[in-house]
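Please go through the structure below with me, question by question.

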Amino acid sequence: MTIVVFVKITPDTARLGADPRSGEPRIQQAPCRISTFDENALEEAVRLAEAHGGRVIVISLSHAAPPRELLLKALAMGADEIRMITDPSAREADALATATILSRALRLLGDFDVALCGEGSIDEYGRQVGPRIAEAMGIPVVTRVEKAEAGTGTFVVDRVLEDRIETVEARLPVLLTVGAEINQPRLPTVLQILGASRKPIIEWSLADLGFEKGSVAAMAGVRTIEINAPGDDRQGALIPGESAVEMAGNLAHELAVKGLAGSR
Amino acid sequence: MSDHGDVVVHSEQDEFALELLAAGRPLADSLGAAMTGFVAGSGGLERARGLITHGADAALLLAVDESSTDLDHTLAALEQVARERHPGVILIAATGRGTELAARLAQRLGVGCAGDCTALSMIGGKLHIERTILGRFLCRQIIESRPAIATVQPRRFTAPDASPDRQGPVARIEAARPAPRLRVLGVRLREAGGVRIDKSEVVVAVGRGLRSREDLAMIEDLARALGGVVGASRPLTDDLRWLPPEAKVGLSGVTVRPRLYVACGISGQIEHNVGMREAGIVVAINSDPNAPMMSQADYRVVADLYEVVPALTRALDGLS
């Protein structure tokens with residue numbers, strides 16, 4: 001089985017500060033990480049390969065060379081190789097451009113059985129790229145899969161919707177997007193980390209994929225004008241009280257005044 | 001119809017389709033265009049008329065097999081609408097299905113799409129939107145491609161009131177159903193005990209401040225006293241699994257907009273706050289006065305939740 005995982009290296013949003021004056025995010029200063037749900041996707045790919053045999057190939061697109069330790073982490077978790085597409089113009093890529101680039105990379109790889117990616121990335125969380133790649137490849141997609149089992153030429157998966165969980169059978173090749181529910185990504189052992197440096201990281205440029213200079217910006221359909229921290233903090237009133245019991249009583253009173261308690 | 005093309009709105013969930021009418025009306029007015037509701041599924045005629053009484057100028061109706069989960073039929077019909085009618089804007093509610101549908105439609109048409117929009121406006125004939133990125137930053141974007149496709153965050157807009165005498169044409173869409181590529185083997189409803197945190201007027205949410213699973217009883221008691229339901233932040237649903245995933249508030253969970261949101265022992269990570277930002281009144285109970293949750297609260301209670309929560313439940317019970 002050939003399993004492809006799309007992995008995004010993103011700023012770690014939990015450790016991302018804002019410029020105190022402009023309110024803009026300090027993206028350059030934030031450490032990078034593998035987007036959380038993509039880690040789940042990689043974990044699931046490795047589990048499938050362990051259970052059924054096969055290769056796990058990671059494809060990643062970035063505007064700048066990602067920290068090597070993150071690529072080594074993906075390999076140490078069990079990926080067999082990485083195809084790293086790095087090009088400064090990827091900064092201009094929206095979901096349309098990203099999916100167009102990644103689906104061309106997938107074509108270049110040749111046959112595959114299943115492609116996996118996180119439901120959305122922690123930076124953009126647009127939840128578009130997975131379904132778009134499937135559409136560009138002409139293959140079915142199942143989003144937000146929380147359980148995946150390989151059959152003969154098929155996959156049987158549980159997908160999470162707002163009000164239901166559906167068990168769905170899909171013929172291969174198929175693209176699956178996953179969230180945090182599906183698994184707990186492994187922490188690689190020291191031995192795995194040491195072994196990772198012997199696995200191949202193959203660098204691709206956009207030219208290698210047949211894209212001309214300046215084509216990414218021309219492809220994109222959505223343009224970002226500005227990014228600001230929202231000024232939506234609430235001006236919270238401190239509930240007074242000498243003890244927890246007193247505070248609870250004062251809060252109950254406030255809620256009753258607002259019509260939020262006492263009428264039930 | 002103006003040169004700009006109609007504004008087409010669609011959601012598989014009727015309550016969100018109505019909200020899209022509120023989001024779409026100013027865009028249609030600004031373009032001098034009509035707003036058309038697109039309905040797929042059984043019982044469509046009633047639902048199409050519902051959209052018109054709530055503000056759509058016209059409706060399009062696709063009879064689609066409800067058991068089909070792969071969205072391929074709805075997608076084919078929407079693609080046909082886009083290619084034949086040249087709408088200027090297509091708005092789809094950002095549910096799980098809606099998000100997939102919008103992304104696939106946009107890819108087929110070779111156009112951009114902005115997801116989970118919280119504000120939309122037409123400036124110089126182009127759709128400008130706002131959405132949250134990087135967990136908490138407000139991002140303003142222009143959709144350059146046409147049709148401008150955007151998904152709209154559920155519960156952001158308020159459905160317009162109905163005018164029962166509003167009239168408008170309802171047209172049926174004839175689109176061939178593609179051969180199914182996915183087969184649904186089974187469906188389980190997620191409403192364990194009928195609890196839907198996104199449907200409740202009061203949500204009492206709990207986070208890492210809870211020390212053991214048994215202590216959930218205390219949170220449930222408070223929720224009962226307030227006439228609400230229990231929600232949770234991600235560590236409790238995904239890591240500890242003390243509550244089912246459908247109780248999760250936040251970026252990877254459910255967006256709620258209750259009248260009252262009580263956060264007990266929730267530190268207030270971005271991941272969580274995005275899911276409750278639209279709540280009416282927010283109470284934060286936390287022993288740490290500097291917890292980020294405090295900046296999101298209308299009432300701050302700085303104390304141990306193990307003391308405050310039972311006392312609050314008793315005080316509320318005493319009121320009724």
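This is a predicted model: local features need pLDDT of at least 70, side-chain atom pairs count only at pLDDT 80 or more; totals for chains, interfaces and linings use all residues.

Residues are numbered from 1 along each chain as its sequence is written, chains are lettered from A and ligands numbered from 1 in the order in which they are written, and side-chain values use heavy atoms, with hydrogens and water left out.

Me: How many of the 14 residues of helix 4 of chain B are buried?

Reply: Helices are DSSP runs of H or I with at least four residues, numbered from the N terminus. Buried means under 20% relative accessible area with a 1.4 Å probe, protein chains only. Helix 4 of chain B spans residues 96–109, and the buried ones include B:Leu101 and B:Leu105. The number buried is twelve.

Me: Which residue just after helix 4 of chain B takes a positive phi?

Reply: The phi is about 70°. The residue is B:Gly110.

Me: Is the aromatic pair of A:Phe37 and A:Tyr125 stacked or edge-to-face?

Reply: Rings of Phe, Tyr and Trp (its six-membered ring) pair if their centres lie within 6.5 Å; planes under 30 degrees apart count as stacked, over 60 as edge-to-face and the rest as tilted. Here the centres are 6.4 Å apart, with 65° between the planes. The pair is therefore edge-to-face.

Me: Which ring does B:Arg211 lie over?

Reply: A charge sits over a ring if NZ of Lys or CZ of Arg is within 6 Å of the ring centre and within 35 degrees of the ring normal. B:Arg211 is at 3.9 Å from the ring centre. The ring is that of B:Tyr306.

Notes. Helices (H or I, at least four residues) and strands (E, at least two) are DSSP runs, numbered from the N terminus. The expected span of a helix is 1.5 Å times one less than its number of residues. Buried means under 20% relative accessible area, exposed over 50%, partly exposed in between (1.4 Å probe, protein chains only).
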